[in-house]
Every structure is written in C-alpha cells, then in structure tokens.
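Welcome, and please load the model in your viewer. We will go from one selection to the next and look at what is there.

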Amino acid sequence: MNTEVRRFMAEADNRPPPGVKPMVVRRIQRKVCGPYIVDMKSSCGSERPRIAGSVCIRLYDQRADDPAEPVAIKRLAVENWREADDQFRWLVGALADSD
C-alpha cells in the first residue's frame with residue numbers, strides 16, 4: 001500500500017455514534033486491484049431526486065493473515081452518488097499506481 005492510500009484511509013473516520021440505525025445500503029461496488037479488494041457500500045441514491053447519504057469503504061488485503069478482515073475502513077458523508085463514486089475511483093486508481 002503506497003503513502004497516498006495510507007493517508008487517504010487514515011483520514012478521520014466518521015463512524016456513526018452508538019445507537020444509530022444501520023445504513024440502508026442502496027448501492028455496492030467492488031473492485032480487485034492486485035492483492036487488494038476495495039469494497040464500497042453507499043446509502044446514496046443515484047436516481048432523481050439525489051439522496052445525500054453515507055459511504056463505507058473497506059480495503060481488504062488478500063495477503064493478510066485473515067483476508068476476510070479489512071485492513072482499513074473509511075466512512076464519510078457525501079452529498080450524492082457521484083461524490084461517493086469519485087472517492088471509490090480515486091482509491092482504485094491509487095492502488096493501481098502502487099503496483
């Protein structure tokens with residue numbers, strides 16, 4: 001994992017406070033980048049009217065001792081699906097550049 005990816009995943013994690021209902025997942029994206037798997041779940045709606053929501057990006061390393069456990073998790077609030085997709089694509093691109 002390169003420095004850019006570490007910095008991105010280390011930014012503030014907007015974990016929901018205890019007692020908040022789980023997010024309603026409206027969209028899922030998954031991409032394999034070499035030994036890494038990027039998994040994104042979002043509560044944003046892509047249809048009109050655009051629904052703001054939250055995003056949970058999990059990064060898995062298939063070389064880890066337990067590949068089913070994420071090596072990093074990032075949660076953030078976004079205004080629309082496009083913003084969530086941009087975050088996902090940036091991370092996939094950064095991982096592809098590290099190979």
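**Stop one: a strand residue**

Select Ile 57, which you will find in strand E3 (helices, H or I of at least four residues, and strands, E of at least two, are DSSP runs numbered from the N terminus). Before going on, note that this is a predicted model, where local features need pLDDT of at least 70 and side-chain atom pairs pLDDT 80 or more, while totals for chains, interfaces and linings use all residues. Residues are numbered from 1 along each chain as its sequence is written, and side-chain values use heavy atoms, leaving out hydrogens and water.

Is Ile 57 buried or exposed? Ile 57 is buried, at a relative accessible area of 0% (buried is under 20%, exposed over 50%, partly exposed in between, with a 1.4 Å probe and protein chains only). Now show its contacts (heavy atoms within 4.5 Å): beyond four places in sequence, they include Phe 8, Val 38, Ile 73 and Leu 91.

**Stop two: the core**

Next, select Val 38, Leu 59, Leu 91 and Leu 95, which touch the most other members of the largest nonpolar core, a set of 21 residues (buried Ala, Val, Leu, Ile, Met, Phe, Trp, Tyr and Cys joined through side-chain atoms within 4.5 Å). Colour helix H2 (81-98) too: H2 gives the most to this core, seven residues.
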